[in-house]
Amino acid sequence: SNIKTVYTYSSNNSFTLDLYTYGVLDVHEIAFINSSSFVDSTFQYDNTNDSTTEGYLYSGNTLMRETTYFYSKSSGSQINTQDDYTYDNNGNMIKDIQSDGYGNVSTISTLTYTNKILNYYIGPTYFPQSKNLPATQVQTDDLGNLLASVTYTYVFDSSNRVVKETDTANNGESVVKTFIYY
């Protein structure tokens with residue numbers, strides 16, 4: 001598909017992200033930055049005028065929780081999902097437990113990592129970054145039933161930089177990313 005993301009930096013404390021599909025605006029998001037230069041909260045609306053807002057909770061420089069709220073002028077904010085994160089000693093996020101607005105666990109994502117250091121970033125780094133490149137991500141429901149899995153493979157150049165990343169899902173679909181360094 002033809003997807004374009006446009007970032008606009010309006011001040012030191014916020015930026016906007018506009019996501020276009022085939023030239024049509026799909027999502028407009030405003031991100032507010034905290035004193036540690038991480039995203040503190042967001043407000044967004046999509047092309048169907050649905051609105052959501054997100055809040056982020058950090059412990060030092062570690063993202064511990066992300067809460068997504070549905071938003072309307074009449075009823076205000078109502079929790080949609082909450083993600084709680086666990087990390088390894090290298091700062092790699094190894095578990096994401098997502099629950100609904102009532103605290104019921106809906107999905108558990110578990111990640112493993114390669115021993116290769118992550119040396120590229122797509123877009124601004126307003127969120128804490130993992131140290132290593134991901135190897136796998138497995139998503140299960142609260143009973144342990146497999147919902148999805150992704151395997152990440154990489155091609156490196158002579159300077160040990162990623163030039164190609166292939167993300168292959170268990171259903172056979174894949175995404176290929178290529179990187180050019182200047």
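# Salt bridges, ring pairs and strands in a predicted model

Modeller: This is a predicted model. In it, the side chains of Asp157 and Arg161 meet in a salt bridge, 3.0 Å from N to O.

Biologist: How many salt bridges does the structure hold?

Modeller: The structure holds 4 salt bridges. One of them is formed by Arg65 with Asp84, whose closest N and O atoms are 2.6 Å apart.

Biologist: What does the pair of Arg65 and Asp84 tie together?

Modeller: Arg65 lies in strand β6 (residues 62-72) and Asp84 in strand β7 (residues 76-87), so the pair ties together parts 19 residues apart in sequence. Arg65 is partly exposed, with a relative accessible area of 31%. Asp84 is also in the partly exposed class, at 25%.

Biologist: And which residue forms a salt bridge with Lys177?

Modeller: Glu165 does, with the closest N and O atoms 3.6 Å apart. Lys177 lies in strand β13 (residues 174-178) and Glu165 in strand β12 (residues 162-169), so this pair ties together parts that are 12 residues apart in sequence.

Biologist: Is Glu165 buried or exposed?

Modeller: Glu165 is buried, with a relative accessible area of 3%, whereas Lys177 counts as partly exposed at 29%. Salt bridges that share partners join Glu165, Asp167 and Lys177 into one network.

Biologist: Where is Asp167 found?

Modeller: Asp167 is found in strand β12. Asp167 is buried, with a relative accessible area of 12%.

Biologist: Which residues is Asp167 in contact with, leaving aside its neighbours within four places in sequence?

Modeller: Val150, Thr151, Tyr152, Glu173, Ser174, Val175 and Lys177. As for Val150, the C-alpha atoms of Asp167 and Val150 are 6.3 Å apart in space, and the two residues are 17 apart in sequence.

Biologist: New topic, aromatics. How many aromatic pairs does a search of the whole structure find?

Modeller: The search finds 8 aromatic pairs. In one of them, the ring centres of Tyr7 and Tyr9 are 6.5 Å apart and the planes are at 15 degrees, so the pair is stacked. Tyr7 is partly exposed, with a relative accessible area of 31%, and Tyr9 is partly exposed, at 47%.

Biologist: What do Phe38 and Tyr58 form?

Modeller: Phe38 and Tyr58 form a stacked aromatic pair, 5.3 Å centre to centre with 15 degrees between the planes. Phe38 lies in the loop between β3 (24-33) and β4 (39-46) and Tyr58 in strand β5 (residues 51-59), so the pair ties together parts that are 20 residues apart in sequence. Both Phe38 and Tyr58 are buried.

Biologist: Back to Tyr7 and Tyr9. Which residues do ring pairs link into a cluster with them?

Modeller: Ring pairs link Tyr7 and Tyr9 with Phe15 and Tyr126 into a cluster.

Biologist: Which ring does the charged end of Lys4 sit over?

Modeller: The ring of Tyr20, at 5.4 Å from its centre. The charged end of Lys116 sits over the ring of Phe156, 4.8 Å from its centre.

Biologist: Strands next. How many bridges join β9 to β10?

Modeller: There are 7 bridges between strand β9 (residues 105-117) and strand β10 (residues 132-140), and the two run antiparallel. Tyr113 stands opposite Pro134 in β10.

Biologist: How many bridges join β10 to β11?

Modeller: 5 bridges join β10 to strand β11 (residues 146-156), and these strands run antiparallel. Thr140 stands opposite Leu146 in β11.

Biologist: Which residue takes a positive phi in the hairpin of β10 and β11?

Modeller: Gly144, with a positive phi near 90 degrees; the hairpin has 5 residues between the strands.

Biologist: One more. Where is the place of Ser41?

Modeller: Ser41 is in strand β4. The side chains of Ser41 and Asp40 are joined by a polar contact of 3.4 Å. Leaving aside neighbours within four places in sequence, Ser41 is in contact with Ile30, Ala31, Phe32, Glu54, Gly55 and Tyr56.

Methods
Residues are numbered from 1 along each chain as its sequence is written. This is a predicted model: local features need pLDDT of at least 70, side-chain atom pairs count only at pLDDT 80 or more; totals for chains, interfaces and linings use all residues. Side-chain values use heavy atoms; hydrogens and water are left out. Two strands pair if DSSP finds at least two bridges between them. Helices (H or I, at least four residues) and strands (E, at least two) are DSSP runs, numbered from the N terminus. Buried means under 20% relative accessible area, exposed over 50%, partly exposed in between (1.4 Å probe, protein chains only). Rings of Phe, Tyr and Trp (its six-membered ring) pair if their centres lie within 6.5 Å; planes under 30 degrees apart count as stacked, over 60 as edge-to-face and the rest as tilted. A charge sits over a ring if NZ of Lys or CZ of Arg is within 6 Å of the ring centre and within 35 degrees of the ring normal. A polar contact is a pair of N or O atoms within 3.5 Å; within protein, one must be able to donate a hydrogen and the other to accept it, and residues adjacent in sequence count only if both atoms are side-chain atoms. Contact means heavy atoms within 4.5 Å.
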